Amino acid sequence: MLLRVLPALYEQRPRPILARLPELVAPMAQLDPPEQLHILRLLHTVARKRQVGVLKECLPFLFGHLRDPNHSEVILNILLEISSYEPAALAPFLPTLREIGETFPTLIGQTAKIFGAVGHLDEERARTSLLYLVNQLANMEHSFHHILLLEIKSLTDSFCSILGSQSRDIYRMSNSFSAIARLLARQLDHDGAAAPRYCQTCPALGSAAA
C-alpha cells in the first residue's frame, strides 16, 4: 500500500522522495511484480518531471531490469521520456537497447525512437543509430516500417552529408523498404569524404515516411 501511494505523494512533496530515490528502487528484485510496477510508476513520474540528476543514478537499475518481460515495455517508456530531453545519458546503453530490440521485436518502436534521439547528438552517433535503424528496416515486419522510416528521415534531414547525392535515389525507391535499406547500408559503409554538416532540411525520404 505504501508503494502504491508513492507516485501521488511525489506529486505533493517531491524533495524527500528524490533524496531517497536510489534507496527506494534498490530492493526491487525482492518485490512481487505488482509492487515492482509501483516503483516503475514512480520513476515514470520522476522522468516526466525531468529530474535528470537523480534519474542518471537510476539508469543502471532500469537497464538491469530491462530484460524482464514483465516490465520491459514500462521501462522503455521511462527511457523514452528521458531521451526526449537528455539523450546523452542513454548513449552508453545503446548496446543493451540493441539487444532488447532483437530479443523483443515488438518493442522496436520504443528502441528505434531512443536510437533516433541519441543519434541527433552528433554525426558519429547519427551514423551508429542509422546502421541500427537500417538493419531493422531490412528485417522487421511491415507494421514497424513507418516508425523506422520516420527516425531515419529525421536523422538524414539533420545530417544531410550522410546521404549526399544518394537522397534522390532513396526518394525514387520510397515504396521499396528493402531497396531503401540496401542503399542506406551501402552509403553508410562507404562513409563519404564530406565533412560533417548539420542542417535542418533535406529532400531525403520525404515520400517514404509520409
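What share of the 210 residues of the protein chain count as buried? In this predicted model, 49% do, where buried means under 20% relative accessible area with a 1.4 Å probe, protein chains only. Local features need pLDDT of at least 70 and side-chain atom pairs pLDDT 80 or more, while totals for chains, interfaces and linings use all residues. Residues are numbered from 1 along each chain as its sequence is written, and side-chain values use heavy atoms, leaving out hydrogens and water.

The protein chain holds 12 helices and zero strands, taken as DSSP runs (helices H or I, at least four residues; strands E, at least two) numbered from the N terminus. Of its contacts (heavy atoms within 4.5 Å) with a separation of 6 or more, 71% join residues 24 or more positions apart.

One helix pair is worth a visit. The axes of α8 (residues 108-119) and α10 (residues 145-158), lines fitted to C-alpha atoms over the stretch in contact, come within 9 Å and cross at roughly 0°. Helix α8 is therefore roughly parallel to α10, a label for angles under 35 degrees between N-to-C directions. Ile108, Gly109, Ala112, Lys113, Gly116 and Gly119 in α8 meet Ile147, Leu148, Glu151 and Leu155 in α10. These residues comprise five nonpolar, three polar and two charged, with Gly counted as polar.

Buried residues in α9 include Leu130, Leu133, Val134 and Leu137. At the start of α9, a side-chain oxygen of Asp122 comes within 3.2 Å of the backbone nitrogen of Glu124.

Technical notes:
Axes fitted to C-alpha atoms, helices over the stretch in contact; angles between N-to-C directions. Parallel < 35°, antiparallel > 145°, perpendicular 65-115°, else oblique. Buried < 20%, exposed > 50% of the residue type's maximum accessible area, 1.4 Å probe, protein only. Polar contact = N/O pair within 3.5 Å; in protein donor to acceptor, adjacent residues only side chain to side chain.
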